[in-house]
Amino acid sequence: MTTTTEALSATTLLRFATAGSVDDGKSTLVGRLLHDSKSVLTDQLEAVERASASRGQDGPDLALLTDGLRAEREQGITIDVAYRYFATPRRRFILADTPGHVQYTRNMVTGASTAELTVILVDARNGVVEQTRRHAAIAALLRVPHVVLAVNKMDLADYEESVFAAIAEEFTAYASELGIPEVTAIPISALAGDNVVEPSANMDWYGGPTVLEHLETVPVAHDLAHCHARLPVQYVIRPQTAEHPDYRGYAGQIAAGTFRVGDPVTVLPSGRTTTISGIDLLGKPVGVAWTTQSVTVLLADDIDVSRGDLIVPTKDAPATTQDVEATVCHVADQPLTVGHRVLLKHGTRTVKAIVKDIPSRLTLDDLSLHPHPGQLVANDIGRVKVRTAEPLPVDSYADSRRTGSFILIDPADGTTLTAGMVGESFAAPDPVKDEASDDGWDF
Amino acid sequence: MTTVASVHGDHEDTSSPYALSHLDALESEAVHIFREVAGEFENPVILFSGGKDSIVMLHLALKAFAPAAIPFSLLHVDTGHNFPEVLEYRDRVVAAHGLRLHVASVQDYIDRGVLKERPDGTRNPLQTLPLTEKIQSEKFDAVFGGGRRDEEKARAKERVFSLRDEFSQWDPRRQRPELWNLYNGRHAPGEHVRVFPLSNWTELDVWQYIAREGIELPQIYFAHEREVFQRAGMWLTAGEWGGPKETETVVRRLVRYRTVGDMSCTGAVDSDATTLDAVIAEIAASRLTERGATRADDKLSEAAMEDRKREGYF
């Protein structure tokens with residue numbers, strides 16, 4: 001029995017998000033992944049059957065598995081991100097199930113912010129449409145490391161290789177323009193089960209992985225040796241007990257890279273330097289720790305460090321700035337305007353800030369720029385310049401999703417207003433040029 | 001996250017020395033959440049029922065602040081129909097770690113005539129008022145709950161930091177988006193934030209973690225012989241709360257509990273699992289969710305959980 005426990009524990013975790021238009025079959029795909037991985041249990045299925053029958057539907061409506069709220073069931077739509085969980089013997093999955101409606105860009109941004117992979121669904125009969133481009137652009141903007149194009153409803157396209165190949169080629173070219181380094185295209189039928197969990201007997205021309213096989217094997221940890229090491233200080237641990245009279249540890253979750261005992265480090269924004277004298281991994285001393293471990297770091301010198309500070313390698317410290325330029329997605333119903341006084345949360349630090357300028361708004365459909373829109377409303381993506389009351393050590397989002405991201409908060413009512421990504425917007429080595437734009441913004 | 005290009009062709013994540021196991025990843029995330037709350041709130045409290053989820057929360061909090069003490073107190077909503085083994089466990093843990101325990105008592109509310117006993121004897125829905133009044137009177141601004149999104153479809157929509165108004169109400173349509181790991185704990189006086197460090201854990205994760213960490217649990221989680229009677233397809237323990245009725249027969253069976261709650265609506269399951277490994281094997285093979293198997297109150301209506309959560313339930 002111990003072997004069962006060990007085998008179950010030795011898996012890794014993959015966070016991924018789905019994106020698809022309303023009728024692309026996203027619910028069916030999600031339902032099939034959950035169902036075929038035996039993550040839908042009998043009582044849940046019975047509840048769905050009961051609810052479907054009471055609505056006069058012929059068969060169980062699998063969308064009821066994922067539409068959890070009264071309003072969603074009443075309207076038959078998904079209005080918010082939900083998180084689903086399933087597992088195979090090889091891996092555990094957290095699925096951010098995001099609605100496909102155009103007006104819910106913020107939900108896809110929310111789901112993509114923690115995702116290591118995005119599945120973008122396309123209807124084989126319609127090919128790459130505006131909504132597909134929008135989803136690809138958001139995946140590129142959020143720098144989701146892996147993108148899967150699932151060409152669905154292949155059963156309605158006679159399982160034709162040429163149909164799939166044309167769509168895959170068009171999407172891959174577009175994704176490459178956006179700077180998405182790698183696309184895994186998979187021809188599927190979520191309804192019939194082709195290439196979702198089981199390889200399709202109808203498409204023997206396809207030699208790649210099924211969706212689940214790809215989810216199980218895609219790498220989740222990267223080569224951290226070249227990452228900038230970053231530790232936002234969350235909390236200072238000082239027991240002040242007889243047993244630990246002098247313990248003073250700086251607790252935090254490593255945002256990027258690795259830290260070793262003996263590393264010379266700098267504390268930002270003060271700029272004081274010292275060395276790491278010890279690292280405790282949840283109560284146990286270790287010599288090295290890496291992202292995303294929650295640790296407590298001990299420093300050789302008794303310098304002033306508090307919540308909100310950032311510990312970095314002395315040889316690899318980011319510059320601090322009070323002028324942050326970022327691509328943002330506006331997630332609140334009230335608009336963001338120039339002159340808006342906000343709070344900016346970056347890592348563990350929250351500072352006062354003011355919106356100095358909104359140079360442009362992005363039209364996701366064609367990636368064109370609307371200069372000086374005056375404000376951003378819910379679901380808008382745009383460029384924003386923010387002046388902060390205190391210097392912040394920010395990285396480019398391209399270098400670090402954790403220390404290159406921030407949120408803006410309304411100081412009056414605490415609403416989360418805006419999600420921000422510092423620096424250039426798309427990962428493109430050859431960024432998409434906008435001829436109408438003369439202000440140098442590169443989306 | 002900068003090295004997407006460098007991992008091309010490497011599809012064996014287990015070969016990376018930096019890959020965290022799923023339990024390590026979940027543990028690290030939960031610890032991060034505990035520390036964020038410690039850093040940002042004045043007066044947090046951990047809801048502690050003596051059930052496995054709150055026991056895991058307590059264990060995580062101990063690790064998060066080691067070697068210092070947990071900077072939070074505990075709050076137990078005592079329905080008056082608790083399993084004696086669980087109360088004994090609760091008091092022992094509180095004493096062992098030098099913690100401060102607040103108790104909100106449903107029985108007190110009934111004795112004072114503020115709450116009225118339901119005809120079915122179920123006290124789960126009665127917990128909301130004592131809980132929310134205790135939160136107000138003690139001025140708790142962050143309340144940790146052991147809720148997991150995998151438990152129930154309304155909970156799948158729950159945020160890690162979930163803002164509650166001065167009436168402790170949850171409005172699923174007015175939730176703050178949660179981006180990256182930047183949790184927003186801003187709240188007005190009188191409001192509080194429910195915090196769910198185990199949001200991304202499943203029942204199986206909880207059990208695997210308990211096994212890995214060697215965490216002690218109340219014995220009712222393991223198979224034992226017990227006097228029970230059947231009601232609505234569940235095995236319930238006889239007690240002063242109104243069971244069994246005349247038509248219900250008490251039998252002695254080998255059972256265990258998958259959840260711990262009010263005795264009137266928490267059912268036992270037939271089981272011979274006496275060890276952690278046996279429990280894990282049993283859950284991995286089960287075709288029922290823990291709530292489907294053992295919670296009568298969630299079967300009341302399709303939106304029972306959502307409706308109770310809106311009112312302030314955990």
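## Burial and surface of chain B

A residue counts as buried when its relative accessible area is under 20%. By that criterion, 62% of the 314 residues of chain B are buried in this predicted model. Chain B still exposes about 11600 Å², and carbon and sulfur atoms supply 50% of that area.

The secondary structure of chain B consists of nine helices and ten strands. Contacts in chain B can also be sorted by the separation of their residues along the sequence. Of those between residues at least 6 apart, 73% join residues at least 24 apart.

## Domains of chain B

Chain B is divided into two parts: domain 1 covers 22–204 + 303–311, and domain 2 covers 219–300. Taken over C-alpha atoms, the centres of domain 1 of chain B and domain 2 of chain B are separated by 23 Å.

## The sheet of chain B

Strands of a sheet pair through backbone hydrogen bonds, in either a parallel or an antiparallel sense. In chain B, six strands form an open sheet with mixed pairing, in the order β3-β2-β1-β4-β6-β5. The edges are held by β3 (101–105) and β5 (161–164) of chain B; each has a single partner strand, so one side of each is left without a neighbour in the sheet. Neighbouring strands are turned by 30° against each other on average, with direction ignored.

Within this sheet, β1 (residues 44–47) and β2 (residues 73–78) of chain B run parallel and are joined by three bridges. In this pair, B:L47 stands opposite B:L75 of β2(B). Helix α5 (residues 128–138) of chain B packs on the sheet and touches β1, β2, β3, β4 (142–144) and β6 (192–195) of chain B. The direction of α5 makes about 135° with that of β3(B).

## Confidence in chain A

Chain A has an average pLDDT of 87, and 86% of the residues score at least 70. Over residues 1–7 of chain A the pLDDT is below 50, and this stretch has seven contacts in the model beyond near neighbours in sequence. Residues 429–443 of chain A also have a pLDDT below 50; beyond near neighbours in sequence, that stretch has 29 contacts.

## The sheet of chain A

Chain A contains an open sheet of six strands with mixed pairing, ordered β2-β3-β1-β4-β5-β6. Which strands stand at the edges of this sheet? They are β2 (82–87) and β6 (183–187) of chain A, each with a single partner strand, so one side of each is left without a neighbour in the sheet. From one strand to the next, the twist averages 25°.

Two bridge pairs illustrate the arrangement: A:R84 is partnered by A:L95, and A:Y85 by A:I94. Although β2(A) has a single partner strand in the sheet, five of its six residues are buried.

Helix α6 (residues 105–113) of chain A lies across β1 (12–19), β2, β3 and β4 (117–123) of chain A. The helix runs at about 165° to β1(A).

## Helices and selected residues of chain A

An α-helix has 3.6 residues a turn, so residues three or four places apart point the same way. In helix α2 (residues 26–36) of chain A, the buried residues include A:K26, A:L29, A:V30, A:G31, A:L33 and A:L34. After α2(A) comes A:K38, whose phi is positive, near 60°.

Is A:H214 buried or exposed? This residue, which lies in helix α9 (residues 211–217) of chain A, has a relative accessible area of 5% and is therefore buried. The C-alpha atoms of A:H214 and A:A112 are separated by 18 Å, and the two residues are 102 apart along the chain.

A:S162 belongs to helix α8 (residues 161–178) of chain A. At 48% relative accessibility, A:S162 counts as partly exposed. From C-alpha to C-alpha, A:S162 and A:M108 are 30 Å apart in space, while 54 residues separate their positions in sequence.

Key. Residues numbered from 1 in each chain as written. Chains lettered and ligands numbered in written order. Predicted model: local features only at pLDDT ≥ 70, side-chain atom pairs only at ≥ 80, totals over all residues. Heavy atoms only, no water. Pairing = 2+ DSSP bridges. Helix = DSSP H or I, 4+ residues; strand = E, 2+ residues; numbered from the N terminus. Axes fitted to C-alpha atoms, helices over the stretch in contact; angles between N-to-C directions. Contact = heavy atoms within 4.5 Å. Buried < 20%, exposed > 50% of the residue type's maximum accessible area, 1.4 Å probe, protein only. Areas by Shrake-Rupley, 256 points an atom, 1.4 Å probe, with all protein chains shown as cover. pLDDT = per-residue confidence, 0-100. Domains from an automatic or database assignment.
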